[in-house]
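Reader: Please take me through one part of this model closely. I would like to hear about the pockets, and then about the contact between the chains.

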Amino acid sequence: MSSELFTLTYGALVTQLCKDYENDEDVNKQLDKMGYNIGVRLIEDFLARSNVGRCHDFRETADVIAKVAFKMYLGITPSITNWSPAGDEFSLILENNPLVDFVELPDNHSSLIYSNLLCGVLRGALEMVQMAVEAKFVQDTLKGDGVTEIRMRFIRRIEDNLPAGEE
Amino acid sequence: MADPALFEFLHTEMVAELWAQDPDPGPGGQKTSLLVLEGMGFRVGQALGERLPRETLTFREELDILKFLCKDLWVAVFHKQMDSLRTNHQVQAPLRLPGTLLCPQGTYVLQDNSFPLLVRMASGLQYLEEAPKFLAFTCGLLRGTLSTLGVKSLVTASVAALPACKFQVVIQKL
């Protein structure tokens, strides 16, 4: 039942945002921003409950995201594929996206990235563990694709910035 | 199965987002944000009402419906039961003269001593002013579920000290 509560609430949110903003791009940005705000808080909950240690590289990070985080929060385990040769990009393939149960995109919202909140969450959470990443949907079952695919790209490590005057 | 924490995180962000958007921070603007949150809760409550298993339940009286909210709905949504349910029936005025206020029939007070959406915030009197924002969605949720069950209502909430709160449900007679 909680899964439906979240899914239904998310749907109500997207619907409300579509009313508040005139175009899909703005809704997408807003979802990303809200996701980011959630991600920076969610990471603490995740670290407290999952007991995972520090990841040594992006491959470990990918495993933790797919096998621990997605499983814990959404009850699904996406598969990890399409690693770039440099090991700085990979894809998460979601056979089922729980967010889109009962959802159909109306014709006039073809640019809407319905689940964009997830990208923001990933970005925000990883930033809190010193990783700047980009997350974006490259396939979406809502748009007729066979699967939903999120492409994750490692940008850089975030060094801790000491306030001016401290050594 | 989505983890319950996800709903809490999403709800908190929705409250923050709707409040930030408001160009008019005065009482008028606040009211709009509360209405929007309540409206969203209403839609979710309607949908939940349709999905809750109630084929085996027969609601013989209004009180049964309220008990259903306090037990089944609250457990499904917040993983706990409502802590108390009180009724406050008043007698309807026998004559309906123009300008006479009708006494509300079917008024119920649902009390949750540890409302999950308030628990993370604080306890006691700190953030008392902020609390209504965190209750609007749930008021709508209750009103929406009641609506699916064929009952028209008005739901408001009040907080005396976090994290305890009361939901007042007034059944509207058609």
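Author: H3 of chain A gives the most to the lining of the largest pocket, with 7 residues. Helices here (H or I, at least four residues) and strands (E, at least two) are DSSP runs, numbered from the N terminus. The model is predicted: local features need pLDDT of at least 70, side-chain atom pairs count only at pLDDT 80 or more, and totals for chains, interfaces and linings use all residues. Residues are numbered from 1 along each chain as its sequence is written, chains are lettered from A and ligands numbered from 1 in the order in which they are written, and side-chain values use heavy atoms, with hydrogens and water left out.

The largest pocket has a volume of about 560 Å³. A pocket is found on a 1 Å grid over the protein atoms alone: it is an open set of points where a 1.4 Å probe fits, with protein on both sides within 12 Å along at least five of seven lines. Lining residues have an atom within 4 Å of a point. Grid points are joined across faces, edges and corners, and a volume is the space filled by probe spheres set on the points.

The lining of the largest pocket takes in 29 residues. Nearest its centre lie A:Ile43, A:Phe46, A:Ile65, A:Ala69 and A:Ala125. Two or more lining residues come from each of H2, H3 and helix H4 (117-128) of chain A, and also from helix H1 (4-21) of chain B. By class, this lining has 25 nonpolar, 2 polar and 2 charged residues. Ala, Val, Leu, Ile, Met, Phe, Trp, Tyr, Cys and Pro count as nonpolar, Asp, Glu, Lys and Arg as charged, and the others, Gly among them, as polar.

Now the second largest pocket. It holds about 350 Å³ of space. Its lining has 20 residues, with A:Gly11, A:Ala12, A:Thr15, A:Val103 and A:Tyr114 closest to the centre. H1 of chain A and helix H2 (27-51) of chain B each supply at least two residues of this lining. H1 of chain A gives the most, with 7 residues. The classes come to 12 nonpolar, 4 polar and 4 charged.

Next, the contact between the chains. Chain A brings 32 residues to it and chain B brings 28 residues; contact means heavy atoms within 4.5 Å. About 2,800 Å² is buried between chain A and chain B, and carbon and sulfur atoms give 69% of that area. Buried area is the accessible area (1.4 Å probe) that two parts lose on being put together, summed over both.

Between chain A and chain B the count is 4 salt bridges. Over all chains the count comes to 14 salt bridges. Each needs a side-chain nitrogen of Lys or Arg within 4 Å of a carboxyl oxygen of Asp or Glu. The side chains of B:Arg51 and A:Glu4 form one such bridge, at 4.0 Å, N to O. B:Arg51 lies in helix H2 of chain B and A:Glu4 in helix H1 of chain A, so this pair joins two chains. In another salt bridge, the side chain of B:Asp3 meets that of A:Arg49 at 2.6 Å, N to O.

On the side of chain A that touches chain B, helix H1 (2-20), helix H2 (24-50) and helix H3 (58-74) of chain A each supply at least two residues. H1 of chain A gives the most to this side, with 15 residues. By class, the side divides into 17 nonpolar, 8 polar and 7 charged residues.
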